Amino acid sequence: MTTQAKAARSRLDPEPIPRRDWLGLSSLWAALSAFLFATLGMIRLPKAAVLASPSKKFRIHLPENLQPGQAFVPPGRSVAVFRDESGVWAISTVCTHLGCIVKPTAEGFECPCHGSRFAADGSVTKGPAPRPLPWLKVNVSGNTLIVDAGAVAPAGSKVSA
Amino acid sequence: MSVASPPRNPLQEFRGNLRAAPRRFLESAFRTGKPATDRTRSTFVFGNVFLHLHSVRTHLWSLRWRTTWGLGIASAAAFFITLITGVLLMFYYKPYPEVAYDSIKDIHFVVPAGRFIRNIHRWAANGMVVTVILHMARVFYTAAYRKPREFNWLIGLALLATTLGLSFTGYLLPWDQLAYWAITIGANIAQSPREVTDALGITEWFDPGGFQRLLLLGSDEVGAEALIRFYLLHVMILPLVLTALLAVHIWRVRKDGGLARPADADQRLGPPGEDVYPVFTQAPTRTYHLAAIVRGRTPAVGRGPENTVPSMPHLFYAELAVLMLTVFLCLALSLIWDAPLKELANPSVPENPAKAPWYFLGLQEMVSFSAFMGGIGIPAIVLLGLGLIPFLDREESGSGDWFGGPGGWPLVRRSIVWGLAAAAGIEAFAIQFGWLRQWFPHIPQLIITAINPGTVLTVAYGLYSLWLVKRYGSARAGALGLFTCFLCGFTVLTIIGTYFRGPNWEFYWSPSQWPSH
């Protein structure tokens, strides 16, 4: 016999893993994970699956006497529509800085809130705006336009009827 | 019958109990009786769940006006005034876009005293912002954030942020032009991390800005969803957060050994005067010294008898005086100036100029250089810097004294000059000569985000305070310089934003020069 025989565990010795501790800890962890799981479910609450905002797509009629270089702003929309010989196009009038509505001017656009200026093609000439004003997707059928203010078109893409 | 009790009349007993009921009710509610002796004054405080946030006895140093100027209590008082007037306004206010504006008009013109209550609410809210900032300055300049008060300084910062959040969320509720465009700008500041993610081209996969804005507005524009969210934050979530933090904040003042005072405060005060009523009218029947010895970190361990007086009445009467003064100021201002109400919100025509509430105009000034740095980057750096102060300044000299620490008032004076000059200089330069975009129209946005008047000013302040640390060999000197510069920058930017910015955020010396259309 080289190894010493292990003494048999006595009735009075403590259990290796106390049963009460194990049960207590596991119920604590169960409660904690249930709580975390419920929290994860609640975190999703602030973002609804469907956003409560009106459709960004709308139909407009261009005025007959709209001159090249002159902006047409449909009432209640944050879009400026232009027309020249090569076609029509629409530029968003929501400032890319902090979302104020820019005003079309002779040179382009100017923002009332923090003084950003944009050229007629929407590119930034002055001020804090980080990006040019986006061009928007336009569909033409006759004198009727369908503008999608939620879809960005490449700058310079004029659409002819 | 074996029971030898005297004959009793149940009805008479009932009548006696009935007659004694009011007295017994009062005894059961106010268990300790009148606070007439030192002992009952103590039980008056620690037997009351609200009063026991304060300690039973208060040091005479804490009661001097020039220790605190009552600023902390004044901001708490302003909060209670907004709480009461806010609940009154809730009876008539309706948080839906179609009717919100009309309900404010009703409060203004139809509800009895409605205009007065709304004015008080607004003035108390403004006063709270002022007193919270001044209170923070008081705590900083008396070095009251030092060990063991570090954590309470952090709770104070959380209270500052909650106060500003309450003011901002309240701003949307009238649904007028001012409100609508301030919130549009605010929500887009929340979205401004896109300035960086767009420049890096990763917005499609990683868009914290868009997420923050969506969380705030619940939609992609400011509408009914945004209004109900701001309303919920304003009347429920933020007041609860603020109340909880406030309770911890005040309670920790007591746990940290009262207000900070110089180590030799007792010598400087001398023995309590004859007029301090009363010092001891009765020997204490119970002491808590054992508890203090057991927990060796308690601030009172190892200290001799001090210049303390019972909190009831000395501290509570002083606090009541501050409360009354705050109420008086709010009432007086409300009688003189009405809270503004502009036209109904119009989503197609921004206000020009669209100005945030005055305490955010410094931020708006920085935002007019870069949305991300001005609205999120620099405020985060400032909050982080303020939070780090008690952990970097581990010195002990000068605690409890105004402008205590190496250099003292002369250092603060020089920092004021530097802070004002740097802020005014960089602003004057940007107003006179423009900034990178005008000089190099095709410059990448990231460079403007990194280098703009706001960040240049922040770096100038940071370098100055590092130089102070080196020159005085003391972190406290650097902190004094940095905090002073921060206050000066805040003041200069706020004044420029308030008085010198006109339509299109152009610089004008006076509103009379604004273009007329």
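This is a predicted model: local features need pLDDT of at least 70, side-chain atom pairs count only at pLDDT 80 or more; totals for chains, interfaces and linings use all residues.
User: What makes up chain B in terms of helices and strands, and how much of chain B counts as buried?

Analyst: Chain B has 22 helices and two strands. Of its 517 residues, 45% count as buried. The C-alpha atoms of chain B fill a box of roughly 110 × 60 × 50 Å along the principal axes. Among contacts in chain B between residues at least 6 apart in sequence, 77% join residues at least 24 apart.

User: Which residues meet where H5(B) and H15(B) are in contact?

Analyst: From H5(B) come Ile73(B), Ala74(B), Ala77(B), Ala78(B) and Ile81(B). They meet Glu319(B), Val322(B), Leu323(B), Thr326(B), Val327(B) and Cys330(B) in H15(B). By class, the residues of this contact divide into nine nonpolar, one polar and one charged.

User: What makes Glu506(B) and Arg117(A) a salt bridge?

Analyst: The side chains of Glu506(B) and Arg117(A) meet at 2.9 Å, N to O. The cut-off is 4 Å between a side-chain nitrogen of Lys or Arg and a carboxyl oxygen of Asp or Glu. The pair therefore qualifies as a salt bridge. In general, side chains of opposite charge can pair when their charged atoms come close.

User: How do you know that this pair joins two chains?

Analyst: Glu506(B) lies in the segment after helix H22 (475-499) of chain B, while Arg117(A) is in strand S6 (residues 117-119) of chain A, so the pair joins two chains. Glu506(B) counts as partly exposed at 26% relative accessibility, and Arg117(A) as partly exposed at 22%.

User: Why does Asp38(B) count as buried while Arg57(B) counts as partly exposed?

Analyst: Asp38(B) has 6% relative accessibility, so Asp38(B) counts as buried. Arg57(B) has 24%, so Arg57(B) counts as partly exposed. Asp38(B) forms a salt bridge with Arg57(B), the closest N and O atoms being 3.4 Å apart. Asp38(B) is in helix H2 (residues 38-46) and Arg57(B) in strand S1 (residues 57-59) of chain B, 19 residues apart.

User: What does the salt bridge of Asp207(B) with Arg194(B) tie together?

Analyst: The closest N and O atoms of Asp207(B) and Arg194(B) are 2.8 Å apart. Asp207(B) lies in the loop between helix H10 (194-200) and helix H11 (208-217) of chain B, and Arg194(B) in H10, so the pair ties together parts that are 13 residues apart in sequence. Asp207(B) is partly exposed, with a relative accessible area of 22%, and Arg194(B) counts as partly exposed at 26%.

User: How many salt bridges are there over all chains, and which residues do shared partners join into one network?

Analyst: The whole structure holds 17 salt bridges over all chains. Those that share partners join Glu110(A), Arg117(A) and Glu506(B) into one network.

User: Why is Asn504(B) called buried?

Analyst: Asn504(B) lies in the segment after H22 of chain B. Its relative accessibility is 10%, under the 20% limit, so Asn504(B) counts as buried. Leaving aside neighbours within four places in sequence, Asn504(B) is in contact with residues including Glu110(A), Arg117(A) and Asn352(B).

Notes:
Residues are numbered from 1 along each chain as its sequence is written. Chains are lettered from A and ligands numbered from 1 in the order in which they are written. Side-chain values use heavy atoms; hydrogens and water are left out. Contact means heavy atoms within 4.5 Å. Helices (H or I, at least four residues) and strands (E, at least two) are DSSP runs, numbered from the N terminus. Ala, Val, Leu, Ile, Met, Phe, Trp, Tyr, Cys and Pro count as nonpolar, Asp, Glu, Lys and Arg as charged, and the others, Gly among them, as polar. Buried means under 20% relative accessible area, exposed over 50%, partly exposed in between (1.4 Å probe, protein chains only).
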